[in-house]
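Today I opened my notebook on a new model and went looking for paired charges.

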Amino acid sequence: MFVSLDLSLEKRDTGKILWKRKRLTDNEEYQVSTYITVTQADKTTAVEKMAQDLAQRVYESIIQGF
């Protein structure tokens with residue numbers, strides 16, 4: 001699985017861009033099984049790991065930007 005994100009933080013009242021990050025990417029592999037429930041469980045685990053990894057990288061990038 002591969003994800004690519006373009007992110008920005010915008011000040012709502014002025015529209016000013018406070019922080020921007022283009023092409024933040026991550027990927028995660030998971031096993032595909034002949035049993036759909038096993039495949040789905042592995043896929044869910046991979047999505048959760050990727051989301052956690054990306055959230056940490058976004059947080060660190062925002063903190064460094066200020």
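My entries on its salt bridges follow.

I worked from a predicted model, where local features need pLDDT of at least 70, side-chain atom pairs count only at pLDDT 80 or more, and totals for chains, interfaces and linings use all residues. Residues are numbered from 1 along each chain as its sequence is written, and side-chain values use heavy atoms, with hydrogens and water left out.

I began with the count: how many salt bridges does the structure hold? I found two, taking a salt bridge as a side-chain nitrogen of Lys or Arg within 4 Å of a carboxyl oxygen of Asp or Glu.

I looked up Lys49 and Glu28, whose side chains form a salt bridge at 3.9 Å, N to O. Lys49 sits in helix H1 (residues 36–65) and Glu28 in the loop between strand E2 (17–27) and H1, so this pair ties together parts 21 residues apart in sequence. Helices (H or I, at least four residues) and strands (E, at least two) are DSSP runs, numbered from the N terminus.

Next I noted the salt bridge of Lys49 with Asp53, with the closest N and O atoms 2.9 Å apart. Both residues lie in helix H1, four residues apart, about one turn of the helix. Through shared partners, Glu28, Lys49 and Asp53 join into one network.

Last, I checked accessibility: buried means under 20% relative accessible area, exposed over 50%, partly exposed in between (1.4 Å probe, protein chains only). Glu28 is buried at 18%, while Lys49 is partly exposed at 38%. Asp53 is partly exposed at 28%.
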